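Here is a friendly briefing to read alongside the model. Keep the viewer open and follow the topics one by one.

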Amino acid sequence: MKILFLTPYPAGEAPSQRFRFEQYFPALRERGIAYTERSFLDLATWRILYKPGHQAAKIWGIVKGFGRRVKHLLEVPGYDYVFIHREITPIGPPVFEWIVAKLLGKKIIYDFDDAIWMALTSQHNQMAAIVKWHSKVASICGWSYKVSCGNDFLCDYARQFTPSVVLNPTTIDTVHLHNRTNPQTSEKVVLGWTGTHSNMVYLASLLPVLRRLEEKYDFTFRVISNQDPQLDLKSFDYVPWQKATEITDLVQFNAGVMPLEEKISPLSLGKCGFKALQYMSLGIPAVASPVGVNTKIVTNNVDGFLCETEEDWYQALARLIEDAELRRRLGANAQRTVQERYSVLSNTENFIRLFSDAGAGLPPVAATSAAMPATAHR
């Protein structure tokens, strides 16, 4: 079997790629399945994509991306499956997808982990929404052999166009990456949030809660991101996200927050709970809004808290600041939740079955570290 992965971003760089399919590559190799990953953007363009300026370089990078895709099409006939993450090109109609499915007759595995069909337009980005061609998601779903979605909301959308939909949650590698535990012994509690700049809008709802907490407690509110949100808080601390230190930085949190609001953006329902999963995998209780998949990942007062009102958020965070034993108990339960339901180990067979008619006849996974018991290490 040979699989061609067509991705938006360079290999090993984007979280959606790393945690949805790239971390399953060792399992493919163990089963003798060959694969190749080809990205639309080159590394130079990716590194400036979200930085201000560099307009000419960004445009040239996109032009080069289309040229790369033409070359990639020439490779398609040599593969049994074509795995498409989000889209083959970031702008324009699904011409490349149509060629792969209809002209070349290849089996497409179409994967997405956000509500990418939603065009949230304003007077400032109407042209961008038109160029993005959000409606192509429906077409690609209909042409695909299987559609792989990160949560039930996304699956329900895809089932409008094909019955071949697989719930494939975003997962955590609890053996090789998220394999540490916060012992909850720090003298000063660190409440934290991690994510990209595009999701910082949700932090606004927490500012009144954090200011109330600052009146009573001495704590740090730390943000790990690719941009500094410059929050007006006495407790605020910013740490630039770096791949090399992401786990070391994240494990310093004593509790992690994931606020979402559907009224701010209906895209909230498409989120796959990755922030909460990252916190929980490291023994860190997650405090989250009861929106979308969060209600399935977090069990209130068992492995974290689900908070709807400002008072809910205040009481939950105050309890976690005050009670180290509570943090340890919830954190231990959180690690078990991830290991049993949202780890690479627990989901490997589900992922491999994407490339099989019925999930039968695949060679067994080798007895290597990928098949080790899910344990978290200090």
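Two strands pair if DSSP finds at least two bridges between them, and strands (E, at least two residues) and helices (H or I, at least four residues) are DSSP runs, numbered from the N terminus. With that in hand, S3 is joined to strand S4 (residues 107-112) by 5 bridges, and the two run parallel. This is a predicted model, in which local features need pLDDT of at least 70 and side-chain atom pairs count only at pLDDT 80 or more, while totals for chains, interfaces and linings use all residues. Residues are numbered from 1 along each chain as its sequence is written, and side-chain values use heavy atoms, with hydrogens and water left out.

**Strand S3 and its neighbours**

- Tyr81 is the residue that stands opposite Lys107 in S4.
- From S3 the chain passes through helix H5 (residues 95-103) to reach S4, a β-α-β crossover that is right-handed; that term applies if, with the strands pointing away from the viewer, the path from the first strand over the helix to the second runs clockwise.
- Strand S1 (residues 2-7) also runs parallel to S3, joined by 4 bridges, and Leu6 has Ile84 in S3 as its bridge partner.
- How many residues of strand S3 are buried? The count is 5 of the 5 in residues 81-85, so the strand is largely enclosed by the rest of the structure; buried means under 20% relative accessible area, exposed over 50% and partly exposed in between, with a 1.4 Å probe and protein chains only.
- In a regular strand the side chains alternate between the two faces of the sheet.
- In S3 both faces are covered, with Tyr81, Phe83 and His85 buried on one side and Val82 and Ile84 buried on the other.

- Rings of Phe, Tyr and Trp (its six-membered ring) pair if their centres lie within 6.5 Å; planes under 30 degrees apart count as stacked, over 60 as edge-to-face and the rest as tilted.
- By this rule there are 25 aromatic pairs.
- Phe5 and Phe25 have ring centres 5.0 Å apart and planes at 65 degrees, so they form an edge-to-face pair.
- This pair links distant parts of the chain, as Phe5 in strand S1 and Phe25 in helix H2 (residues 25-30) are 20 residues apart.
- Both Phe5 and Phe25 are buried.
- Phe5 also forms a tilted pair with Phe83, at 4.8 Å centre to centre and 40 degrees between the planes.
- Phe5 has a relative accessible area of 0%, and Phe83 is buried at 0% relative accessibility.
- Ring pairs build a cluster whose members include Phe5, Phe25, Tyr81, Phe83 and Tyr145.

**Lysines over rings**

- A charge sits over a ring if NZ of Lys or CZ of Arg is within 6 Å of the ring centre and within 35 degrees of the ring normal.
- Lys107 lies over the face of Tyr145, 4.7 Å from the ring centre.
- Lys2 lies over the face of Tyr79, 5.0 Å from the ring centre.

- Strand S8 (residues 220-225) pairs with S9 in the parallel sense over 5 bridges, and Ser225 stands opposite Pro240 in S9.
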